[in-house]
Amino acid sequence: MIDTHLLLVIALILLSTKIFAVFMKRIHLPQVIGALAAGVLLGPSVFNLVGPNETISVIAEFGVILLLFSAGMETDYRQLRNSLKPSLLIAALGIAAALGGGFAVAFLFGNPSFESFFIGVVIASTSTSITVEALSEMGKLKTKAGAAILGASIFDDILVIIILAVIMGMGGGGFSVVSLAVILLKIAAFFAFAIAAGLCVNKLFNFMYGRFGEKRRFTVFAIAYCFLMAYFAELFGLAGITGAYLAGIAFCSTRCVESLETKTHGLSYMFFTPVFLANIGIHTSFDGMTGSLMLLTVLLAVVAIISKVIGCGLGAKICKFTNRESIQIGAGMVARGEVSFIVATKGIAVGYISSLVFPGVIVVVLVTVLIAPLLLKAAFSGEAAQTQP
């Protein structure tokens, strides 16, 4: 039997996120901030009307997967292909700057070197989903900078996962070249599988569209493929959103992509994405924030923002992006998200970092999530939005 309280919670989330999003639009701020703010107000940090809920979190995960799937379909394949090498350099320099800055701040506060390094890893990752939502809202997903941001975000997640695997092994005394080789082989195997599967799916959907015309069942098949690729990504040790994004890319050059994108975006926009954004705010908690931790959190948040702007912006500049595009790319890599939580949770579980640090991590993630859309809006100001299908 369905939990009647859950029905009320979903109604509150959908109403509040939409009302706040409309308000943000009226004052010329990104609507994504309104949805996040609605979650904070509903959650335990303010009115405590909605607490962390497992079912809501599951729905939110579906929202992330559909969001990245839509982003994949909206990707300009040629621009993405041309930006693969720059994306890797942008991601690597951004991680190096954030990891180094996080380590320095944590070490200055008296944390052991290994724990400080782990804290650096926590703030090194980028949230692809928040950036995608902001870029989509502004109509900038298909720009040269947008393609570089998406590519760099994917590489960012992969590199952080590799670093996490290495330091988890080092901390447990079980790291070896063999274990690292296994991780790299699994990642390579997944991408080889994703590329082969994507090519087959692309040809299949083009054939079906030519043979039967536009059919509603195509969207069902496409979404099923999206979740299947998310499953395989997790199976190979990567984040499910990586598989969802690659699944979307498989459809970006098909003849039916506009229809698929419109229907998938509608499904996501009406229900799953608002729940995902509100869920971030609902999980925000300031319990256990001592004076020292608050100062550490503020400094980590500052470093988290500046390091990505400088590191990723420098990477973009080295790859001959314009000054404006370099700033846009740096701003697009600021938001942190689910990978930061994954790294922190794993670190706490094995005792590599103190559980007292976790509230600080949540605040750092929230600050970067709130500031990123504002930075993107400023970086892209003056440019006309591209028309979305």
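**Surface patch and cavities in a predicted model**

This model is predicted. A nonpolar surface patch of about 460 Å² is formed by Leu8, Leu12, Val46, Phe47 and Leu49.

Q: Why is valine 46 called partly exposed?
A: Its relative accessible area is 42%. Buried means under 20% and exposed means over 50%, with partly exposed in between. The value of 42% falls in between, so valine 46 is partly exposed.

Q: How many cavities of 30 Å³ or more does the structure hold?
A: It holds two. The largest cavity has about 70 Å³ of space.

Q: Which elements give two or more residues to the lining of the largest cavity?
A: They are α3 (54-74), α7 (128-138) and α12 (257-282). Lining residues include Leu67, Glu74, Glu133 and Tyr269.

Q: What makes Glu74 and Glu133 charged residues of this lining?
A: Both residues line the largest cavity. Glu counts as charged, so they belong to that class. By class, the lining has four nonpolar, five polar and two charged residues.

Q: How do you know that the lining of the second largest cavity has no charged residues?
A: Its lining is Ile280, His283, Thr284, Phe341, Ile362, Val365 and Leu366. Charged means Asp, Glu, Lys or Arg. The class count is five nonpolar, two polar and no charged residues. Helix α16 (residues 358-379) gives the largest share, three residues.

Conventions. Residues numbered from 1 in each chain as written. Predicted model: local features only at pLDDT ≥ 70, side-chain atom pairs only at ≥ 80, totals over all residues. Heavy atoms only, no water. 1 Å grid on protein atoms, 1.4 Å probe; cavity = no way out; pocket = protein on both sides within 12 Å on 5 of 7 lines; lining within 4 Å. Points joined across faces, edges and corners; volume = space filled by probe spheres on them. Helix = DSSP H or I, 4+ residues; strand = E, 2+ residues; numbered from the N terminus. Patch = residues over 30% accessible without salt bridge, like charges linked within 9 Å, V, L, I, M, F, W, Y side chains within 5 Å. Areas by Shrake-Rupley, 256 points an atom, 1.4 Å probe, with all protein chains shown as cover. Salt bridge = Lys/Arg side-chain N within 4 Å of Asp/Glu carboxyl O. Buried < 20%, exposed > 50% of the residue type's maximum accessible area, 1.4 Å probe, protein only.
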